[in-house]
Amino acid sequence: MTDAGGRRQKRQRGQIETLPSGALRVKVYAGVDPLNGRRHYLRETVPAGLNAEAEAEKVRIRLVNEINERRNPRTSATVNQLMDRYLELLNVDRTIRERYESVIRTHIRPLIGKTPLARLDAETFDAFYRTLRTCRSHCGGRKFVEHRTEGEHECTEKCRPRECKPLSTGTLRKIHWCLSGAFKDALRWNWITVSPLDRAEAPKAPTPNPQPPPAEAAAIVNEAFQGLALGHARLASGDDWRSPRRAVRAPLGLA
């Protein structure tokens, strides 16, 4: 392509399309999708407005730079597709597999399963974990009445306001381990170049709270007391407290 002066213009990467709503959609080719072999594009929409064209051009340049620096997702796959592939290749015993399948089916797929990997970031996972810490049923803390039966009826004492129950810390960590393993695989498979999970705040480990049975606790205390008493006895007798053997004194004239 040449301009009016006969100079050759550099071909622009990406394109900006005007949508029926007036918004602008930026589209940049990002290579071949390793999952399905199709052409992969990065897309982003800029709302309509006075500066929409300038903002769209900034977005186009940013997406091109991400591709050049290999910071863009390589696939349009969703979290569900990543989980499917992860479970297909997971090599663990049956018990662990069943636990992973359970948390994926119950919590990961319903909340973020349809989200493309390209749209995940630390904020997505922070909100995901906050939802689970609020209520294991993913209600988001909404207030409503749990009725004893469906349809029209007269409420009784069995129709009560629902109480949210947060997901346990142990289950939250299982979910995090599962996601962490899946995204490590996605990095190895070149589905993504950066794991958004690395920037998210991981669920905290539970605070240790050892509670031995009364008999075991008494035995531990007695053993510690006996050791302390033995040390005092050795000090009183002149023994070297650092060794079970009596201290050896040098003969006179050699000291």
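**Helix ends, cores and charged pairs**

Q: What follows α5?
A: Asn190 follows α5, and its phi is positive, near 65 degrees. Helices (H or I, at least four residues) and strands (E, at least two) are DSSP runs, numbered from the N terminus.

Q: Where do these values come from?
A: This is a predicted model, so local features need pLDDT of at least 70, side-chain atom pairs count only at pLDDT 80 or more, and totals for chains, interfaces and linings use all residues. Residues are numbered from 1 along each chain as its sequence is written, and side-chain values use heavy atoms, with hydrogens and water left out.

Q: How many helices and strands does the protein have?
A: There are six helices and five strands. Starting at the N terminus, the order is β-β-β-α-α-α-α-β-β-α-α.

Q: Back to α5. How many residues does α5 have?
A: It has 20, residues 169-188. From first C-alpha to last, α5 reaches 29 Å. That is close to the 28 Å expected at 1.5 Å a residue. The expected span is 1.5 Å times one less than the number of residues.

Q: Which residues of α5 are buried?
A: Among them are Leu172, Ile175, Leu179 and Phe183. His176 and Asp185 are on the list too. Buried means under 20% relative accessible area, exposed means over 50%, and partly exposed is in between (1.4 Å probe, protein chains only).

Q: What covers the buried residues of α5?
A: The cover includes α2, α3 and α4, with α4 spanning 122-134.

Q: And the nonpolar core? How many residues does the largest one have?
A: The largest has 31 residues. Ile108, Phe125 and Leu179 have the most contacts inside it. The elements giving two or more residues to this core are α2, α3, α4 and α5. α5 gives the most, with seven. A nonpolar core is a set of buried Ala, Val, Leu, Ile, Met, Phe, Trp, Tyr and Cys residues joined through side-chain atoms within 4.5 Å.

Q: Why would such residues gather?
A: In soluble globular proteins, nonpolar side chains tend to be buried together.

Q: What does Leu179 touch?
A: Leaving out residues up to four places away in sequence, Leu179 touches Met83, Ile108, Phe125, Phe128, Tyr129 and Leu197. Contact means heavy atoms within 4.5 Å. Apart from that core lies another, of twelve residues, among them Ala30, Val46, Ala56 and Val59.

Q: New topic. How many salt bridges are there?
A: A search of the whole structure gives nine. A salt bridge is a side-chain nitrogen of Lys or Arg within 4 Å of a carboxyl oxygen of Asp or Glu.

Q: Which residue pairs with Glu44?
A: Arg62 does, at 2.7 Å from N to O. Glu44 is partly exposed at 29%, and Arg62 is partly exposed at 34%.

Q: Which residue forms a salt bridge with Asp84?
A: Arg109, with the closest N and O atoms 2.7 Å apart. Arg109 lies in helix α3 (residues 94-112) and Asp84 in helix α2 (residues 79-89), so the bridge ties together parts 25 residues apart in sequence. Arg109 is partly exposed at 26%, as is Asp84 at 40%.

Q: How far apart are the closest N and O atoms of Glu55 and Lys58?
A: They are 3.8 Å apart, and the pair forms a salt bridge. Glu55 and Lys58 are three residues apart in helix α1, so about one helical turn separates them.

Q: Why does that spacing work?
A: An α-helix has 3.6 residues a turn, so residues three or four places apart point the same way.

Q: Is Lys58 buried or exposed?
A: Exposed, at 53% relative accessibility. Glu55 is partly exposed, at 36%.

Q: Last one: what share of the protein's residues is buried?
A: Buried residues make up 27% of the 255.
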